[in-house]
Amino acid sequence: MKEEIKKLVESTVADVYGQTVRSVTGAPNPKYGDFSSNAALLLDPVINEPLFEIASKLAAAIFVRDAGRTFKKVEATRTGFINFRLDESYLQRQVALIREEKDRYGRKKEKNGKRVLIEFVSANPTGPLHIGHGRWAVIGDDIASLLEASGYEVEREFYINDVGNQIEKLINSVKARAEGGEVPEGGYSGAYIQDLADELKADISKPEFRNILIGTILEWQKRVLRELSIEFDRFFSERTLHEKGKVAETIEKMKKTGHTFVEDGALWFKSQDHGDDKNRVLVRENGEPTYFTADIAYHLDKFSRGYDQLIDVWGADHHGYVPRLKAALKVLGLPVDHFEVIIGQLVSLFRGSEPVKMSKRTGDMITLEEVVQEIGKDATRFFLTMVSSQNRLEFDLELAKKHASDNPVYYVQYAHARICSIFREAEERGVEFNGNCDLSKLIHPAERDLMRKLIDLGDEIVSAAEKRTPHQMVEYAKSLAAIYHNYYHKCRVISDDIDLTRARLALADATRTILKNVLILLKVEAPERM
RNA sequence: GCGCCAGUAGCUCAGAUGGAUAGAGCGAUUGCCUUCGAAGCAAUAGGUCGCGGGUUCGAUUCCUGCCUGGCGCACCA
């Protein structure tokens with residue numbers, strides 16, 4: 001809707017004033033209208049006419065163009081805004097459209113031909129996932145879903161860091177435990193190490209123990225991701241990059257750029273010349289490439305696969321790594337504009353007001369899987385999406401599992417269940433409803449508010465996808481649920497007026513569809529009863 | 001010390017490339033169930049948008065300095 005209004009406004013501006021503007025379509029305070037445009041304010045410095053006159057001329061021209069298809073009123077304000085008021089018949093037609101399109105409503109009907117690769121989670125296979133991984137996982141998965149709904153072709157990828165010191169430490173720690181000893185200094189000491197030692201005792205001396213161990217942990221990680229309904233298109237192993245010589249190739253390519261040097265027996269990248277804090281080692285003194293080098297090789301590989309956009313989702317504890325990677329990709333001549341890193345801030349777990357201890361030292365932290373088992377998939381996904389990814393998340397386990405009104409998951413799901421209940425009631429009372437009805441009966445102000453909210457789904461999806469802000473969808477869901485609950489109390493659906501009853505059933509059904517569509521995007525259940 | 005993120009109601013958070021009276025949930029107070037689910041609704045109270053400058057007709061939003069909190073600053077990943 002906003003895109004259409006924007007186009008309408010801007011083409012009118014071009015016709016009337018011969019100017020090109022990049023206007024913004026907003027949703028103002030409802031008392032001003034359903035949408036507003038700032039186009040006249042943008043023209044004010046350029047056009048030698050009073051602001052109100054500019055706005056008025058545009059408003060009149062826009063109204064004429066629309067020819068009553070969409071708007072009941074388009075008017076200018078003294079302050080220079082152009083306000084749009086939708087015609088009720090337009091809203092009513094949307095209700096019909098929602099009921100016709102069902103789960104397709106709000107999604108782009110056609111692919112835009114663009115391919116996006118989104119990489120997320122990408123945890124080391126050295127232990128179970130924790131709640132922080134859960135947040136990047138859910139946010140990444142949500143963004144992927146939003147992009148798909150906006151017409152992109154999306155692939156989800158998990159990078160396995162199955163090479164390096166951390167893995168060696170893990171192997172040594174498990175071996176030590178299996179032999180009944182203490183883990184070596186700086187090794188892994190969580191209780192799960194003992195579990196691994198017990199479980200894999202028989203394999204410990206096999207040459208492929210390393211693979212068995214990594215495979216086992218990876219399976220744990222995949223299992224909890226599946227519990228959260230997250231499916232990857234690909235698990236990409238760092239090790240294969242080394243084996244196929246991609247890392248060695250990358251080193252040669254980096255050397256060729258002329259932005260490297262040798263010092264203390266190591267090969268360095270002059271990343272400092274390209275926006276990084278300091279220079280970085282590509283090949284260690286001992287001849288081993290660093291993680292960084294392999295990651296450059298990985299991103300080189302991603303670029304070579306021809307995506308239009310690459311997205312990485314990282315935890316805030318890795319944000320310092322962004323400048324060096326971008327610097328490397330830049331000197332290699334890659335289109336860095338098409339590569340973005342979304343940084344997700346960390347999660348603090350609480351039970352009520354009590355923080356849940358997360359001791360990294362002993363490795364005794366609550367795992368993501370434990371959280372999912374305790375509070376369920378719906379609450380986990382909803383809570384992990386709820387807050388802007390650039391803000392820290394305070395995750396209250398007690399609240400998340402409460403089946404009560406202060407739990408926002410239940411608030412939204414309840415609205416859906418409540419509508420389903422109305423349909424059950426209608427059936428019980430023998431109301432005949434085959435979908436045919438006179439939607440022009442929907443004239444109550446509360447009905448208008450509700451319809452007005454329903455049509456926002458498409459705009460919300462596009463906006464949340466573009467801005468990579470899935471929490472926006474949670475806000476929308478909560479707000480729609482609130483408007484519905486309000487409507488429920490103001491307007492009785494089932495009444496003696498059969499025509500009105502049918503029209504209201506149609507509206508309730510449309511609302512149910514929109515709620516469900518949002519919840520599908522978030523991969524949260526839309527229950528029929530609860 | 002340097003860098004990134006945050007600082008909005010008692011608490012947890014929204015706030016679209018600057019715009020019209022800053023919003024929601026929880027918590028508090030008070031109303032609403034003989035009628036479709038009260039896991040709900042309505043009303044009231046609650047704000048120097050961390051602090052100071054600056055740009056602008058207009059700043060919670062942009063710039064700058066400072067304060068507070070989180071994270072990071074490896075030849076770990």
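Helices in these legends are DSSP runs of H or I with at least four residues, numbered from the N terminus, and the model shown in every view is a predicted one.

Threonine 511 belongs to helix α20, which spans residues 498-522. With a relative accessible area of 0%, threonine 511 counts as buried, because that term applies to anything under 20%. A polar atom of the threonine 511 side chain lies 2.8 Å from the backbone oxygen of leucine 507. When neighbours within four places in sequence are set aside, the residues in contact with threonine 511 are Ile419, Leu450, Leu454, Leu480 and Tyr484.

Strand β5 covers residues 115-119 and is mostly covered, 4 of its 5 residues being buried. Strand β6 (residues 153-160) runs parallel to β5 and is joined to it by 5 bridges, and within this pairing leucine 117 stands opposite glutamate 155 of β6. Strand β11 (residues 309-315) likewise pairs with β5 in the parallel sense, over 4 bridges, and here glutamate 119 has aspartate 312 of β11 as its bridge partner. Together with helix α5 (residues 131-149), strands β5 and β6 make up a β-α-β unit, which is right-handed.

Across the whole structure, 17 aromatic pairs are found. In the pair shown here, the ring centres of tyrosine 192 and tryptophan 220 are 6.2 Å apart and the ring planes stand at 80°, so the arrangement is edge-to-face.

**An aromatic cluster and two arginines placed over rings.** One aromatic cluster is formed by Phe269, Tyr291, Phe292, Trp314 and Tyr321. In separate close-ups, arginine 452 lies over the face of phenylalanine 35, at 4.3 Å from the ring centre, while arginine 512 lies over the face of phenylalanine 423, at 4.2 Å from the ring centre.

**Helix α12 and the elements that enclose it.** Helix α12 (residues 322-331) is largely enclosed by the rest of the structure, because 7 of its 10 residues are buried. The buried residues of α12 are Val322, Arg324, Leu325, Ala327, Ala328, Leu329 and Val331. These buried residues pack against helices α10 (246-256) and α11 (291-304) and against strands β9 (266-269), β10 (280-283), β11 and β12 (339-344). Just after α12, glycine 333 adopts a positive phi of about 80°.

**A three-stranded open sheet of mixed pairing.** The 3 strands of this open sheet follow the order β14-β13-β15, and their pairing is mixed. Strands β14 (354-355) and β15 (393-396) stand at the edges with a single partner strand each, so one side of each is left without a neighbour in the sheet. Strand β13 (residues 347-351) runs antiparallel to β14, to which 2 bridges join it, and the bridge partner of arginine 351 in β14 is glutamate 354.

Key
Residues numbered from 1 in each chain as written. Chains lettered and ligands numbered in written order. Predicted model: local features only at pLDDT ≥ 70, side-chain atom pairs only at ≥ 80, totals over all residues. Heavy atoms only, no water. Buried < 20%, exposed > 50% of the residue type's maximum accessible area, 1.4 Å probe, protein only. Pairing = 2+ DSSP bridges. Right-handed = clockwise from strand over helix to strand, strands pointing away. Polar contact = N/O pair within 3.5 Å; in protein donor to acceptor, adjacent residues only side chain to side chain. Contact = heavy atoms within 4.5 Å. Phe/Tyr/Trp six-rings, centres within 6.5 Å; stacked < 30°, edge-to-face > 60°. Lys NZ or Arg CZ within 6 Å of the ring centre and 35° of its normal.
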